Amino acid sequence: MPTVKSIHKLALISLSSTAFVIALPGVAEARISPGGGEGSTSGGARGGSLFAGASETQIKLDSPSGSGNLAPVNTSWKPPVCWYEPVVTPKQLEAGYKRMKRDGSTILVSPSWRLREKRIRRSYKENVPYEGTPGYKNFNLDKQGKGAFWRGIVNPNRDDDYNYIDGGQCEKRLFWVDKGKEQNTTQGVDPKVLAEYAYNAIKVPDAEVEMNPKGTQTVNLASWVWLDKAKFKPVSVTATLDSLHLTATTTAKPVSLHIDPGTSNAEVYPASGDCPINDDGSIGTPYKKGQGEQDPPCGITYLRATTNAPPYKLKATVTWKISWKGSGGTGGDLPDGTFGTSKDITVQEVQAINR
């Protein structure tokens with residue numbers, strides 16, 4: 001089935017990159033370029049013009065840098081595919097209407113599009129109901145500052161999952177919401193939506209393990225494995241929607257390391273391969289001289305050399321516990337996430353070992 005991306009390409013070609021999008025039943029979108037108006041309830045600013053596309057949200061993310069995104073342990077869980085949020089004020093909608101009439105910001109792809117475009121404009125200016133939805137008088141200019149027009153936003157992280165034909169979860173045409181009534185909006189954005197959206201923005205460090213011995217490993221010699229506790233600290237991403245004074249902070253906390261030696265010819269410690277986090281936040285224990293006869297709390301013993309064979313692929317995967325706190329005292333847990341990295345391990349045969 002077509003995705004939101006392919007539908008957009010079929011529906012129209014825009015001559016302007018600055019556009020508000022109004023979802024219409026039976027067609028993908030109509031674009032109204034605001035070209036001005038006070039304030040900004042759009043997704044961003046480009047060259048002094050306001051912009052809001054189907055997959056562009058006003059939610060701001062404050063996230064630290066990192067190496068990779070988490071994969072949810074619960075593979076059936078995904079952040080929401082879409083939601084509704086405020087995108088335009090009455091004055092901005094009026095400005096967009098005037099600009100559309102003045103310069104014609106779209107190339108029509110069918111004769112019927114002009115009729116739809118005309119009817120949708122009348123719906124917001126002349127209070128003419130359209131296909132079962134109410135109209136608005138003069139863009140609700142008499143309510144300026146008392147609310148905003150809302151529309152559906154496709155989660156940019158799930159753009160390809162949004163099915164316009166079958167889904168239609170957020171295809172309600174641009175609609176008005178009075179200030180103070182936002183919580184009554186079905187599928188409206190809320191702190192949990194912000195938290196789930198922030199989940200995708202969490203970036204964690206590579207699970208680059210430290211080992212002793214370093215470099216080439218030795219058959220039947222235990223290798224101690226650990227992670228640098230200075231790198232593996234909780235990571236947080238804050239999502240904010242200023243227009244509704246909503247915020248949520250999603251935090252990932254490392255809880256365990258799973259080691260996969262990359263071969264069945266190995267023993268792991270502990271036997272599950274799951275090394276828990278220590279009280280000080282570290283995972284595993286660095287090797288100290290004189291511990292050569294001890295089994296490591298986290299480690300591997302390779303039982304066969306890689307002579308005349310490819311290196312083993314040691315994979316280290318860290319599990320992160322995810323929680324969130326939001327405005328209004330909201331909060332909770334989200335599915336744990338994992339992120340792992342691999343490294344090549346060469347194993348040699350040595351007859352005598354001194355440690």
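Biologist: In what sense do strand 9 and strand 11 pair, and over how many bridges?

Modeller: Strands of a sheet pair through backbone hydrogen bonds, in either a parallel or an antiparallel way. In this predicted model, strand 9 and strand 11 (residues 147-154) are antiparallel, with six bridges between them. Within that pairing, Tyr84 is opposite Gly152 in strand 11.

Biologist: Which strands form the open sheet, and in what order?

Modeller: Three strands make up the open sheet, ordered 9-11-12 with antiparallel pairing. Strand 9 (82-88) and strand 12 (175-178) are the edge strands, as each pairs on one side only. From one strand to the next, the twist averages 45°.

Biologist: Where does Thr57 lie, and is Thr57 buried or exposed?

Modeller: Thr57 sits in the loop that runs between strand 5 (49-51) and strand 6 (60-62). A residue is called buried when its relative accessible area is under 20%. Thr57 has 9% relative accessibility and therefore counts as buried.

Biologist: Which side chain does the side chain of Thr57 join in a polar contact?

Modeller: The side chain of Thr57 makes a polar contact of 2.7 Å with the side chain of Glu85. A polar atom of the Thr57 side chain also lies 3.0 Å from the backbone nitrogen of Ile59.

Biologist: How many residues of helix 4 are buried?

Modeller: Helix 4 (residues 191-199) is mostly covered, with eight of its nine residues buried. Among them are Pro191, Leu194, Glu196 and the tyrosines Tyr197 and Tyr199.

Technical notes
Residues are numbered from 1 along each chain as its sequence is written. This is a predicted model: local features need pLDDT of at least 70, side-chain atom pairs count only at pLDDT 80 or more; totals for chains, interfaces and linings use all residues. Side-chain values use heavy atoms; hydrogens and water are left out. Helices (H or I, at least four residues) and strands (E, at least two) are DSSP runs, numbered from the N terminus. Buried means under 20% relative accessible area, exposed over 50%, partly exposed in between (1.4 Å probe, protein chains only). A polar contact is a pair of N or O atoms within 3.5 Å; within protein, one must be able to donate a hydrogen and the other to accept it, and residues adjacent in sequence count only if both atoms are side-chain atoms. Two strands pair if DSSP finds at least two bridges between them. Axes are lines fitted to C-alpha atoms, for helices over the stretch in contact, and angles run from 0 to 180 degrees between N-to-C directions.
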